Amino acid sequence: MNFDLYGFGPALAAGALMTVKLALTALCLGLVLGLAGALAKTSPYKPLQWLGGAYSTIVRGIPELLWVLLIYFGTVNLMRALGEFFGNPDLSLSAFAAGVIALGLCFGAYATEVFRGAILAIPKGHREAGVALGLSKFRIFTRLIMPQMWRIALPGLGNLFMILMKDTALVSVIGLEEIMRHAQIGVTVTKQPFTFFMVAAFMYLGLTVLAMTGMHFLEKRAARGFARKHPMSGDYSWLAHFDLGLNWAVIIKWLPKLAQGATLTLELVAIAVIAGLLLAIPLGIARSSRRWYVSALPYAYIFFFRGTPLLVQLFLVYYGLAQFDAVRESFMWPYLRDPFWCATATMTLHTAAYIAEILRGAIQAIPPGEIEAARALGMSKPKTLFYIILPRASRIGLPAYSNEVILMLKASALASTVTLLELTGMARTIIARTYLPVEIFFAAGLFYLLMAYILVRGFKLLERWLRVDACQGR
């Protein structure tokens, strides 16, 4: 391999700059939307609460890839109508603008919940003190609420920004020349998929490290002085010229095909999250060990899979491994060239890293007295692990695990990039026949929302049952 990556080194560097530009621009939009959503959800007015709740629920329930495709392809007619109205028939939405809107919209939905939690965490007495001092509501918010809100919300926003940085890889599907797009071009020219996708993975890792360093600095700066405890108006009549209706006959016609894709999506997610859980248990136990030589390897595994986009990992497995003759001649090749098993394996490895961290946090949250009580009763370490630590950690980590399952449901849309006809892949195939992206993506989004709702309700019932079971066992 040449040091300049067969001449693609400068292009990849330019792609990295475009990735950073995209992420920072989407971050600015997302922060504004997130703050507005949080203020709406914490407002005493019911219509604003409903509006903020609808925004965060709907946007979070639909995969990011689907939002990118919907905004880029679904706004073609709208932009054409706007161009005709304003006398600019060539008006269109660029890939960069579509990516900013889609990623900013998604970031804002998650940031809404982060900001809302931060606002609710501020003691009520602080507001009352501001009222007693005669401050207006605006001054109370800007001088008392907002400074504390930023300090509390920064860790959550940091996690969201790292996710946003990785989600920029999704915009490559609409032609934006960021890291993944240049890597794909390099693969097409050189036929070296593993090389280019691995370089892309390390570039994302480098950006993740920089983001983590920056967020750590901001958290330290925001926490100065705080003691830490340990562990529009105008004429809108022109809107009447736009036909915003949906062709329901087309949606109904293709519902069986979309349902078929949804079934494949559920199969893919179910296998991945169950297999990922089984893999994550030993990883999480080893990660929580105090011995560095035990936790070092799990830490490296978790750092790589959490620090690189799932799309890069998927391309590494599906396209990259085919670069090696030993892989193509092995008994695993029939499975590795199958998009279903390739996507399943990649999603399993990806989600196992996140579940392992969830398990590690749950183990560390177990009160030390419970473990000491087990030792006082003469229980061995294996018995303590299987009868005390893991059951207790499963109850503590279940809410976070349910979030991970929902995220994997949405991430399964990426399997469409390796020709798998799950829900998003089936939707894109139907659009290629009907040329109706808005209707089909709308129907696919409803399927995702329905599946997410069923999973959320199921996990809530499971949490309730586990709490009752825990109380009966005391």
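Which hand does the crossing of α10 and α18 have, left or right? The crossing is right-handed. By definition, a crossing is left-handed if the near helix is turned anticlockwise from the far one by less than a right angle, and right-handed if clockwise.

Before I continue, a word on the model. This is a predicted model, in which local features need pLDDT of at least 70 and side-chain atom pairs count only at pLDDT 80 or more, while totals for chains, interfaces and linings use all residues. Residues are numbered from 1 along each chain as its sequence is written, and side-chain values use heavy atoms, with hydrogens and water left out.

Let me begin with helix packing. Two packed helices are described by the angle between their axes and the distance between the axes. Helices here are DSSP runs of H or I with at least four residues, strands are runs of E with at least two, and both are numbered from the N terminus. Axes are lines fitted to C-alpha atoms, for helices over the stretch in contact, and angles run from 0 to 180 degrees between N-to-C directions.

Helix α10 covers residues 248-287, and helix α15 covers residues 339-365. Their axes lie 5 Å apart and form an angle of about 40°. That angle makes α10 oblique to α15. The cut-offs are as follows: angles under 35 degrees count as roughly parallel, over 145 as roughly antiparallel, 65 to 115 as roughly perpendicular, and the rest as oblique. The crossing of α10 with α15 is right-handed. In the contact of α10 with α15, 22 residues are nonpolar, 5 are polar and 3 are charged. For this count, Ala, Val, Leu, Ile, Met, Phe, Trp, Tyr, Cys and Pro are nonpolar, Asp, Glu, Lys and Arg are charged, and the others, Gly among them, are polar.

I return now to the pair from my opening question. Helix α18 comprises residues 423-434, and α10 packs against α18 at an angle of about 150°, with the axes 7 Å apart. The angle makes α10 roughly antiparallel to α18.

My next topic is charge pairing. Side chains of opposite charge can pair when their charged atoms come close. A salt bridge is defined as a side-chain nitrogen of Lys or Arg within 4 Å of a carboxyl oxygen of Asp or Glu. By this rule, the model has 8 salt bridges.

One of them joins Arg-287 and Glu-357, whose closest N and O atoms are 3.3 Å apart. Arg-287 belongs to helix α10 and Glu-357 to helix α15, so this pair links distant parts of the chain, 70 residues apart. Are these two residues, Arg-287 and Glu-357, buried or exposed? Both are buried. Buried means under 20% relative accessible area, exposed means over 50%, and partly exposed lies in between, with a 1.4 Å probe and protein chains only.

Glu-357 also forms a salt bridge with Arg-306, where the closest N and O atoms are 3.6 Å apart. This second pair links distant parts of the chain as well, 51 residues apart, for Arg-306 sits in helix α11, residues 292-307. Glu-357 has 15% relative accessibility and therefore counts as buried, whereas Arg-306, at 35%, counts as partly exposed. Together, Arg-287, Arg-306, Glu-357 and Arg-360 are linked in a network of salt bridges.

Elsewhere, Lys-410 and Glu-64 meet in a salt bridge of 3.5 Å, N to O. Both Lys-410 and Glu-64 are buried.

A further side-chain pair is Glu-113 and Lys-41, joined by a polar contact of 2.6 Å. A polar contact is a pair of N or O atoms within 3.5 Å; within protein, one must be able to donate a hydrogen and the other to accept it, and residues adjacent in sequence count only if both atoms are side-chain atoms. Glu-113 lies in helix α5, residues 95-121, and is buried because its relative accessible area is 19%.

Lys-191 has a positive phi of about 60° although it is not a glycine. Lys-191 is placed in the loop between α8 (179-190) and α9 (193-222), and at 59% relative accessibility Lys-191 counts as exposed. Thr-419 likewise has a positive phi, near 70°, in a residue other than glycine. Thr-419 is found in the loop between α17 (381-411) and α18, and is exposed, with a relative accessible area of 55%.
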